[in-house]
Amino acid sequence: MTLWRKLRTDTSMLKYLVFHALVVAFLVSSPSNLFAAQSDPAQSDAVTARLISAEDGVAPDAGTISAGLHLDLAEGWKTYWRSPGEVGLPPEVTWDGSQNVAGVEFQWPAPTRFRAFGIENFGYSKEVTFPLQVKLETPGAPAQLNGRVNLLVCADICVPEQFDLSLTIPGGVGIDMASAAHIADAAAKVPNATLAGFAPGTAYLDPDQTNLTVTATSQTPFEQPDIFAELGQYTAFGAPDIRLGDGGKTLWAQIPILSADEDMTNLTVTITDPSGAGTFETPITDTPPRAPFALQQVIPGVSELIWIAAVAFLGGLILNIMPCVLPVLSIKLASAMKTAGSDLGRIRKGFAMSAFGVLAFMWALGIATLIARSFGLSVGWGLQFQNPIFLAAMIAMLGLFAANMFGLFEINLPQRWTTALAKGESRGNYAGDFATGAFAAVLATPCSAPFLGTAVAFALAGRAIDIAVVFTALGLGLAMPYLVIALRPSMISALPKPGRWMVLVKVVLGLLLAVTALWLISVLVGVAGGLSALVVTALVVLTSVILWQSKRVPAAVLVPLLLLATLAAPMFTQADRSTSASEAATLWQPFERAKIAQLVAAGSVVFVDVTADWCLTCKANKALVLDRSAVSGALANADVVPMQADWTRPDPAISRYLEGFGRFGIPFNVVYGPQAPEGIVLPELLSQDAVLNALREAGASLIASSEG
């Protein structure tokens, strides 16, 4: 019993015994059958293939033969496992024309994970033998194994191979030592959960099929495990998040689903580890398994968290001077003018409350992120701008504010509201200041300032404490101008005294708000279609005209108009629109993640631009860099394929692509090429030199042409 337990956990001892058993069989075999049992090789530049057999002959009454398909792959080439990953094809063999063969069981050694072009693939490199268990129709009779092999091999390019192999095994006895060693070694690598000591746990599939969570146990601690899931023929998985517990004997893994099959019912899991490999079926339950508890998984390193908090603070501070925050600056100026004649205590408290409004919005955004993530929803920076209701509400609000700034009307509250607010003002009511700060933070989220992408990615991919710290630091950076004035309210005295110049300032602020509203209308065109944007704009204009012409508008008329303007966006959304306004240029190809590998394998350089109509930083990159002659000329090169991923509308494929790079916001640009198959990630704010240098680094032909 002790020896059996040792064999189950020590595969090297098992292979040792198998090898010596074959040696003994060889020594007692007939000396007349000592020739190697293998087929003539089929050869190409990438691979050499042959059929091999452990037996030189079919022994009397033998019902099976141990054989193998042996592949010797050239340096840098690989082929695929039965579940190849996001792209690729597994080897296929047909045995038509074989003689005295009732069936062939094709076995798969444990695979290795390959990553290229941001894509996960599973397979083999250098050398692999697929064990074959050949069942004979007539035991003891000679057999001929004829196999037609279809194989995809890949390096910088992918080449489909097809070749015919034939192996004749006459009657007799004898062992081919070289072939037997290859087959025994390959058989030891075929996953066997019993020998490895692995046992399945449970699995949980997210309702929106974005993640699969799997658990398993081992009799001995895992060392460096990897996990491969199979759930339908066309389901592709990304790199897993693996955590160990119970002294390393419990495994918990969350595996992102990159593309889903229609049939996702039978789950097979393969776990590989230096101690062995095992494959088993795992039941899918309705309850997500809990991750093993580890202190470092709850509280990250203090130094790392402090560093990322500093980066987030700097990103929030820079947001104040980004082009997309011009409306925010106008609101700040309006607030400053409003308080210029007040006492310093009122100014201090008002600006402090505005800063609190910024922080409150950031905290609410962090809580919403945690809630959305708990339901398996995609999370990202600025995703609310993909929602037509949110856009319509913002358009209505900015449109009315702009009209008010132009002096078309004054918003006067009912007398009893005014009296209540006056009493509240005397008690220090600062609701308006709070709303100003919160509104500023809302309008800042379409931007991705320098440093902001790193901080947000760290938070959204991390734990609850990461989200809390990063969003707080981000809010403090964005609120810093408010906090500075709150600390030194005397700075307000530097503003000019109130006078006629304020009319001009109000007009300028109104123009800024109107321009922002027009920008949001263009975003709504991309998200919900032109009809929806037209209806929302018409209703906002109608409301403004009514307010302009009527001294007193009943709330029973005004409120329904504003609600109708907000709800008109989803009501008139053109669901059949397949493109947005940003896709008008013919230079760009639509984003296809799987196509990137094919293009690079063919020698092309691929420039991926993830953008959206609501991303003003993306617009700035386009106008200042991508559309300039030097860069646009390089993108028009025959060796370069510009590929655009439009995230104006929600797109799970783009969300998963960004998450693969640890990104949750845009702009995002990456360059692939023969010299950079993993991709060269560019900074959020592009420069001509950064783009051109990445293109040259990724493609050898570009380097030569630019230098020549």
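Mentor: Ile 255 touches Thr 210, Asn 211, Leu 212, Ile 227, Ala 229, Phe 237, Gly 238 and Pro 240, leaving out residues up to four places away in sequence; contact means heavy atoms within 4.5 Å. This is a predicted model, in which local features need pLDDT of at least 70 and side-chain atom pairs count only at pLDDT 80 or more, while totals for chains, interfaces and linings use all residues. Residues are numbered from 1 along each chain as its sequence is written, and side-chain values use heavy atoms, without hydrogens and water.

Trainee: Why is Ile 255 called buried?

Mentor: Buried means under 20% relative accessible area, exposed over 50% and partly exposed in between (1.4 Å probe, protein chains only). Ile 255 has 1%, so Ile 255 is buried.

Trainee: Why does Asp 226 count as buried?

Mentor: Its relative accessibility is 17%, and therefore Asp 226 counts as buried.

Trainee: What makes the link between the side chains of Asp 226 and Arg 113 a polar contact?

Mentor: A polar contact is a pair of N or O atoms within 3.5 Å; within protein, one must be able to donate a hydrogen and the other to accept it, and residues adjacent in sequence count only if both atoms are side-chain atoms. The Asp 226 and Arg 113 side chains are joined at 2.8 Å.

Trainee: What does the largest nonpolar core contain?

Mentor: This core has 42 residues, and Val 610 and Tyr 657 are among those with the most contacts inside it. Such a core is a set of buried Ala, Val, Leu, Ile, Met, Phe, Trp, Tyr and Cys residues joined through side-chain atoms within 4.5 Å.
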